[in-house]
Amino acid sequence: MAKRDLYEVLGLQKGADEKQIKSAFRKLAIKYHPDKNPGDKEAEEKFKEINEAYQVLSDPQKKAQYDQFGTTDFNAGGAGAGYSAQDFGDFGDIFESFFGGGFGGGGSRRRTGPRRGADIEYRLDLTFEEAVFGADKDISVTRTEDCDVCHGTGAKTESRPETCKTCHGSGTVRVQRQTLFGNMVQEAVCHTCGGSGEIITDPCDSCKGKGQVRQRRKISVKVPAGVDTGNVMPLRGQGDKGAKGGPHGDLHVVLNVKPHKFFIRKGDDIYVDTHINIAEAALGKEVKVPTIDGDVSYDIPAGTQSGTLFRLRGKGVTMVNSRSGSRGDQYVNVIVDVPKKLNDAQKEALYQFMEASGQIVSREGTEERKDKKDKKKFNIFK
């Protein structure tokens, strides 16, 4: 069953701005938070749904991709597909960013348990042809991974982390705070262990006790045909490694397509100029027109005016993720070149054309004007 539109989930119109999205989420988060609705499975699912919507619409890149494709996953089957609460972590994360702490005991479970790694971004430049036809690319990214020496513990192999005596391993301490609902006892990050619940007395020499290091990795990227500048390809599980054995985040590949020397792309359509002279425009001409598939012949009819557009159906760009392989069109813009200089034979031919068209032509007048111009140029030395 397809998920609801993310804007609809937050009660918004498509294209809502950041302020509207944040305000709508805040109201719904207060209303449906599980700690305000204990035991209410429907409220819990509703809260999970609005959190998923906010995670996408509050991120400028994800929001832009969702607005364009109805998903942030090229492999998704439809609008909103591919999202789950697990993809975005515990739904207490985002609520805490608004109100300064979790409700009930959810905070300690999140801090001491596995946490999903951060997403990272990579800008990938493509040639015009690579974007049009698709390409296999290898990229190198620097990401966080578990230390190979201590295997993510942060301690030397012969030692083990100790349980924090301040929070007793929970990673949080209970404090009383003034909230929208009055005075409430909430959980805050333990200042002694930083929320890990453990103290490392003998840190690993390789990672200095962090348990993770930065590594450069080569990743293969399969770019689908038809992508364009601004498209974002999310590669699941290729981001930073999570803490406490948590999963990797995602890698967002932001595409940038270099311009072509004569093809101009507008959406899935391609535009190209072709030049003909005035005689070819008047009499008609068979010309060779370049396309992304190679040159094709096209008969330009007699009497074609400069600026006329001719359409070549199906000669444009493949529509990205189109199952049928549908393509846009190519438009040929005809430019009639008017010569700036003519030899005597060309002039005579044009005089005859004008006379044949019923126009009165004075060759003598033309020569007379030319003589006066030459004399004027000569007389400047006097």
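Which helix is the place of glutamate 130? In this predicted model, glutamate 130 sits in helix α8, which covers residues 128–133. Its side chain has two polar partners to look at. One is the backbone nitrogen of threonine 127, which the side chain of glutamate 130 reaches at 2.9 Å. The other is the side chain of lysine 137, where the polar contact with the side chain of glutamate 130 spans 3.1 Å. Lysine 137 also turns up among the contacts of glutamate 130 once its neighbours within four places in sequence are set aside, together with Asp125 and Ala135.

Next comes a pair of helices. Two packed helices are described by the angle between their axes and the distance between the axes. For helix α2 (residues 18–32) and helix α3 (residues 41–57), the axes come within 9 Å and cross at roughly 160°. Angles over 145 degrees count as roughly antiparallel, so α2 is roughly antiparallel to α3. The crossing of these helices, α2 and α3, is left-handed. On the α2 side, the contact is made by Ile21, Lys22, Phe25, Leu28, Ala29 and Tyr32, and α3 brings Ala43, Lys46, Phe47, Ile50, Asn51, Tyr54 and Leu57. Sorted by class, the contact of α2 with α3 has ten nonpolar residues, two charged and one polar.

Two histidines in loops deserve a look as well. Histidine 151 is not a glycine, but it still has a positive phi of about 60°. This residue belongs to the loop that runs between β2 (135–146) and β3 (162–163). Is histidine 151 buried or exposed? Exposed means over 50% relative accessible area, and histidine 151 is at 64%, so it counts as exposed. Histidine 168, likewise not a glycine, has a positive phi of about 60°. Its loop is the one between β3 and β4 (172–179). With a relative accessible area of 65%, histidine 168 is exposed.

Threonine 274 is placed in strand β11, residues 269–277. Its relative accessible area is 10%, and the cut-off for buried is under 20%, so threonine 274 is buried. Beyond its neighbours within four places in sequence, threonine 274 is in contact with Ile300 and with Val332, Asn333, Val334 and Ile335.

Glutamine 330 belongs to strand β15 (residues 330–337). At 0% relative accessibility, this glutamine counts as buried.

Notes. Residues numbered from 1 in each chain as written. Predicted model: local features only at pLDDT ≥ 70, side-chain atom pairs only at ≥ 80, totals over all residues. Heavy atoms only, no water. Helix = DSSP H or I, 4+ residues; strand = E, 2+ residues; numbered from the N terminus. Buried < 20%, exposed > 50% of the residue type's maximum accessible area, 1.4 Å probe, protein only. Contact = heavy atoms within 4.5 Å. Polar contact = N/O pair within 3.5 Å; in protein donor to acceptor, adjacent residues only side chain to side chain. Axes fitted to C-alpha atoms, helices over the stretch in contact; angles between N-to-C directions. Parallel < 35°, antiparallel > 145°, perpendicular 65-115°, else oblique. Left-handed = near helix turned anticlockwise from the far one by under 90°. Nonpolar A, V, L, I, M, F, W, Y, C, P; charged D, E, K, R; others polar.
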